[in-house]
Amino acid sequence: MKKNITYFGEVEINSPQETTDGMVTIDNHQIRLDLNFYDGVPEHDWVAEYESYIKNLKQHKTNVEAAIRSDYEDGGDVKEYVDFHLEELDASIIDKVLVGTDASKSKEERLLIALKLKRIGFYPGNENYAVWDYTIGREITDLLVVVNTDSIGKINYVTWEN
């Protein structure tokens, strides 16, 4: 049976493809979405679960970004990500990343602000239901700030990876 899934279009819900790609525009930025069934299709109504999550997408984004800031302020993985890039990248590249940020703030703070959401991956049936990927630019670094939430948007953890 096919159903129209928000941002993904028609999807065979009982035997979906392993990965289905979609797009959403949030705050005038295109965000890549993917719906993943590597572990098979969950027994519960994953469509209703997804639609409930996506209905609150902007609120989830606000919460995810608050978790990123909190992790940074607590000296966690996000602080490591920022410090690593300030140490490893040429000053000219850092300056390009910081264009458009508030010059009265520290470079660390400006780099944190420069983090942009690029992708949200959905994994129905998994504890880490939604994986939010943030970057200062994929053309600059392979490393991402990653936030995992459960199916109702509760933050599981914040980290950085490639």
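In which loop is the place of D39? I found D39 in the loop between β4 (29-36) and α1.

Before going on, I noted the ground rules. This is a predicted model, where local features need pLDDT of at least 70 and side-chain atom pairs count only at pLDDT 80 or more, while totals for chains, interfaces and linings use all residues. Residues are numbered from 1 along each chain as its sequence is written, and side-chain values use heavy atoms, with hydrogens and water left out.

**Entry 1: D39.** Is D39 buried or exposed? I looked up its relative accessibility, which is 64%, so D39 counts as exposed. My cut-offs are under 20% relative accessible area for buried, over 50% for exposed and partly exposed in between, with a 1.4 Å probe and protein chains only. I also checked D39 against I5: they are 34 residues apart along the chain, and their C-alpha atoms are separated by 20 Å.

**Entry 2: the whole protein.** I listed 5 helices and 8 strands. Helices (H or I, at least four residues) and strands (E, at least two) are DSSP runs, numbered from the N terminus. Starting at the N terminus, I read the order β-β-β-β-α-α-α-α-α-β-β-β-β. The C-alpha trace spans about 55 × 25 × 25 Å along its principal axes. There are 162 residues, and 46% of them count as buried. I then looked at contacts (heavy atoms within 4.5 Å). Among those with a separation of 6 or more, 48% come from residues 24 or more positions apart.

**Entry 3: helix α1.** Which residues of α1 are buried? In this helix, residues 46-55, I wrote down W46, V47, E49, Y50, Y53 and I54. They cover an arc of only 160 degrees around the axis, which puts them on the same side of α1. The arc is taken from the directions that run from the helix axis to the C-beta atoms.

**Entry 4: strand β6.** How many residues of β6 are buried? For this strand (residues 130-135) I got 6 of the 6, so β6 is largely enclosed by the rest of the structure. A130, W132 and Y134 point one way, V131, D133 and T135 point the other way, and all are buried.

Next I looked up the partners of β6, using the rule that two strands pair if DSSP finds at least two bridges between them. Strand β5 (residues 116-122) is joined to β6 by 6 bridges, and the two run antiparallel. There, K116 has T135 in β6 as its bridge partner. Strand β7 (residues 144-149) is joined to β6 by 5 bridges, also antiparallel. On that side I spotted D133 opposite V146 in β7.

Entry 5: Most residues other than glycine have a negative phi, and most peptide bonds are trans. Y7 has a positive phi, near 75 degrees, and is not a glycine. I located Y7 in the loop between β1 (2-5) and β2 (9-12). Its relative accessibility is 38%, so Y7 counts as partly exposed.

D27 also has a positive phi without being a glycine, at about 50 degrees. D27 lies in the loop between β3 (19-26) and β4. With 44% relative accessibility, D27 counts as partly exposed.
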